[in-house]
Amino acid sequence: MWRLRPLLADDFSFSGPLYQFDSPDAYIKSLETDPPKGFKYEIIRSYDDESSACLLYQFTKPGVCTRMAQMFEVREGKINRIILVFDTGAFA
């Protein structure tokens, strides 16, 4: 996971319905501690411009199937913010 670190800005933040992180190291540590396993995704649509990209995808893992949207903001060639949106009810 530490190969991810050079892609993230020092002021990186992640915001989602279940987790929030205000540093790249905290985000990476969470991925190391509880890595996503056994999932599949299918991209429905993607958009991008000079400073951001957005993915809409169908997320599937055993017992869960839901649409998710993820927006990535980029500054000076590094990801400085990720916003993840999905219905947490699919995980209940």
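Glu76 sits in the loop that runs between β5 and β6. The model is a predicted one, and its phi angle for Glu76 is near 50 degrees, a positive value in a residue other than glycine. Glu76 is also exposed, with a relative accessible area of 76%.

**Aromatic pairs**

- The count of aromatic pairs in this predicted model comes to nine.
- Phe14 and Tyr27 are a stacked pair, because their ring centres are 5.1 Å apart and their planes meet at 25 degrees, under the 30 degrees set for stacking.
- Phe14 belongs to strand β1 (residues 8-15) and Tyr27 to helix α1 (residues 24-33), so this pair ties together parts that are 13 residues apart in sequence.
- Phe14 and Tyr27 are both buried.
- Tyr41 and Tyr57 make an edge-to-face aromatic pair, with 6.1 Å from centre to centre and 70 degrees between the planes.
- Tyr41 comes from strand β3 (residues 40-48) and Tyr57 from strand β4 (residues 52-61), so here the pair ties together parts that are 16 residues apart in sequence.
- Are the two partners buried or exposed? Tyr41 is exposed, at a relative accessible area of 54%, whereas Tyr57 is buried, at 9%.
- One aromatic cluster is formed by Phe12, Phe14, Tyr19, Phe21 and Tyr27, and the stacked pair of Phe14 and Tyr27 is found among these residues.

**The largest pocket**

- The largest pocket holds about 960 Å³ of space.
- Its lining is made up of 28 residues, and those nearest the centre of the pocket are Leu31, Asp34, Pro36, Phe59 and Leu84.
- Two or more lining residues come from each of α1, β4, β5 (64-75) and β6 (78-86).
- Which element gives the most to the lining of the largest pocket? That is β4, with four residues.
- Sorted by class, the lining of the largest pocket has 22 nonpolar residues, three polar ones and three charged ones.

**Cysteines**

- The number of disulfides comes to zero.
- Cys54 takes part in no disulfide, and the nearest cysteine sulfur, which belongs to Cys65, is 18 Å away.
- That distance of 18 Å can be set against the cut-off of 2.5 Å between sulfur atoms for a disulfide.
- As for accessibility, Cys54 counts as partly exposed at 26%, while Cys65 counts as exposed at 51%.

**Thr66 in strand β5**

- Thr66 is part of strand β5.
- The relative accessible area of Thr66 is 9%, so this residue is buried, as buried means under 20%.
- Which residues does Thr66 contact, once its neighbours within four places in sequence are left aside? They are Tyr57, Gln58, Phe59, Asp87, Ala90 and Phe91.

- Leu55 has its place in strand β4 and counts as partly exposed, at 25% relative accessibility.
- Between Leu55 and Gln70 there are 5.2 Å in space, C-alpha to C-alpha, although the two are 15 residues apart in sequence.
- With neighbours within four places in sequence left aside, Leu55 is in contact with Ile43, Arg45, Ser46, Met68, Ala69, Gln70 and Phe72.
- Arg45 has its place in strand β3.
- Not counting residues up to four places away in sequence, Arg45 touches Cys54, Leu55 and Leu56.
- Cys54, one of the residues that Arg45 touches, is the cysteine that counts as partly exposed at 26%.
- Arg45 and Ala69 lie 24 residues apart along the chain, and their C-alpha atoms are separated by 9.5 Å.
- Leu55 is in contact with both Arg45 and Ala69.

Key
Residues numbered from 1 in each chain as written. Predicted model: local features only at pLDDT ≥ 70, side-chain atom pairs only at ≥ 80, totals over all residues. Heavy atoms only, no water. Phe/Tyr/Trp six-rings, centres within 6.5 Å; stacked < 30°, edge-to-face > 60°. Buried < 20%, exposed > 50% of the residue type's maximum accessible area, 1.4 Å probe, protein only. 1 Å grid on protein atoms, 1.4 Å probe; cavity = no way out; pocket = protein on both sides within 12 Å on 5 of 7 lines; lining within 4 Å. Points joined across faces, edges and corners; volume = space filled by probe spheres on them. Nonpolar A, V, L, I, M, F, W, Y, C, P; charged D, E, K, R; others polar. Contact = heavy atoms within 4.5 Å.
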